[in-house]
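Here are my comments on the model, arranged as numbered points. Please read them with the sequence and the coordinates open beside you.

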Amino acid sequence: MNSRIITINRMYGSCGRQIAKSLGELLGIHYYDNELLKIAEEREGIPYEELIKVDEKRASSWRYPVEDEIQMEKKFRFEPLNDVLFKTQREIILELAKKEDCIFVGRCANFILREEQNCKSVFLYAPFEKRVEEIMNRTSADEKMAKMMVKRMDKQRKYYYNYFTDEQWNDMEQYDVCIDTSRVSRKQILLMLSTLYENM
């Protein structure tokens, strides 16, 4: 693979999506986040609204995560849609990584591309209270709701990653670069990551 790839895993509220978008604009390359769902929608014929419900979530042991009408279609009947989406996104990530320089946000991309030399993995994090403050500023949530949102999203991402990779999502030894976004300015983070990209 000659393409240069950066993968970004992130704690909720650490501004991972915004940083990925800004980095893509700075480098002139595409960043893939929810766009992966759009491609999966076209490929599998599953409505985007239903894919959102299972994105970066592991399957429940007790119930299907989406409408029975879709889950019970013949081609999905025996496999939770979470698993279908993971496999589809894995295929898309591998295909895109062969074709272009780009940035992937979440979706176990660092694990999927772990054997690729021209791929650097990044983990963005911040203290819990800083992330709660960020979510309060970004949304209309009060402090209690913001705390619940941060805990819930981190739990979902952790369970998803651990389930599909058999690794630990927040094990920093898995990543090439780990950054506390509350202690480093956005400008400095972009400089660090663009330097990482340019020197691959």
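**Notes on the packing and the loops**

1. Asn 82, Asp 83, Phe 86 and Gln 89 of α5 meet Tyr 160, Tyr 163 and Phe 164 of α8, where contact means heavy atoms within 4.5 Å. The axes of these two helices are 12 Å apart and α5 and α8 pack at an angle of about 70 degrees, which makes α5 roughly perpendicular to α8. By class, the residues of this contact are four nonpolar, two polar and one charged. Axes here are lines fitted to C-alpha atoms, for helices over the stretch in contact, and angles run from 0 to 180 degrees between N-to-C directions; angles under 35 degrees count as roughly parallel, over 145 as roughly antiparallel, 65 to 115 as roughly perpendicular and the rest as oblique. Ala, Val, Leu, Ile, Met, Phe, Trp, Tyr, Cys and Pro count as nonpolar, Asp, Glu, Lys and Arg as charged, and the others, Gly among them, as polar.

2. On the basis of these notes: this is a predicted model, in which local features need pLDDT of at least 70 and side-chain atom pairs count only at pLDDT 80 or more, whereas totals for chains, interfaces and linings use all residues. Residues are numbered from 1 along each chain as its sequence is written, and side-chain values use heavy atoms, with hydrogens and water left out.

3. On the overall fold, the chain has nine helices and five strands, which are DSSP runs (H or I of at least four residues for helices, E of at least two for strands) numbered from the N terminus. Read from the N terminus, the elements follow the order β-α-β-α-α-α-α-β-α-β-α-α-β-α. The C-alpha trace spans about 50 × 45 × 30 Å along its principal axes. For 200 residues a compact globule would have a radius of gyration near 16 Å, and the 17 Å of the chain agrees with this; the radius is taken over C-alpha atoms, and the globule rule is 2.2 Å times the number of residues to the power 0.38. Among contacts in the chain with a separation of 6 or more, 70% are between residues 24 or more positions apart.

4. On the interior, 47% of the 200 residues count as buried (under 20% relative accessible area, with exposed over 50% and partly exposed in between, using a 1.4 Å probe and protein chains only). The largest nonpolar core has 32 residues, of which Ile 5, Leu 36, Ile 93, Phe 104, Cys 108 and Leu 113 touch the most other members; such a core is a set of buried Ala, Val, Leu, Ile, Met, Phe, Trp, Tyr and Cys residues joined through side-chain atoms within 4.5 Å. Among the elements that each supply at least two residues of this core are α2 (35-44), α5 (81-99), β3 (102-105) and α8 (143-165), and the largest share, eight residues, comes from α5. A second, separate core of 20 residues includes Val 105, Leu 124, Val 177 and Leu 193.

5. What is the angle at which α2 and α5 cross? Their axes come within 10 Å and cross at roughly 110 degrees, and α2 and α5 are therefore roughly perpendicular to each other. The contact includes Leu 36, Leu 37 and Ala 40 of α2 and Gln 89, Ile 92, Ile 93 and Leu 96 of α5, and by class it has nine nonpolar, two polar and four charged residues. Leu 36, not counting residues up to four places away in sequence, touches Gln 89, Ile 92, Ile 93, Leu 96, Phe 104 and Arg 107.

6. Two loop residues deserve a check of their backbone angles. Arg 107, in the loop between β3 and α6, has a positive phi of about 55 degrees although it is not a glycine, and Arg 107 is buried, with a relative accessible area of 1%. Cys 15, in the loop between β1 (5-10) and α1 (16-27), has a positive phi of about 70 degrees and is likewise not a glycine; Cys 15 is buried at 12% relative accessible area.

7. Finally, Asp 176 is found in the loop between α8 and β5 (177-180) and counts as partly exposed at 46% relative accessibility. Leaving out residues up to four places away in sequence, Asp 176 touches Cys 119, Lys 120 and Ser 121. Leu 190, in helix α9 (residues 186-198), counts as buried at 14% relative accessibility, and beyond its neighbours within four places in sequence Leu 190 is in contact with Ile 19, Ser 22, Leu 23 and Leu 26.
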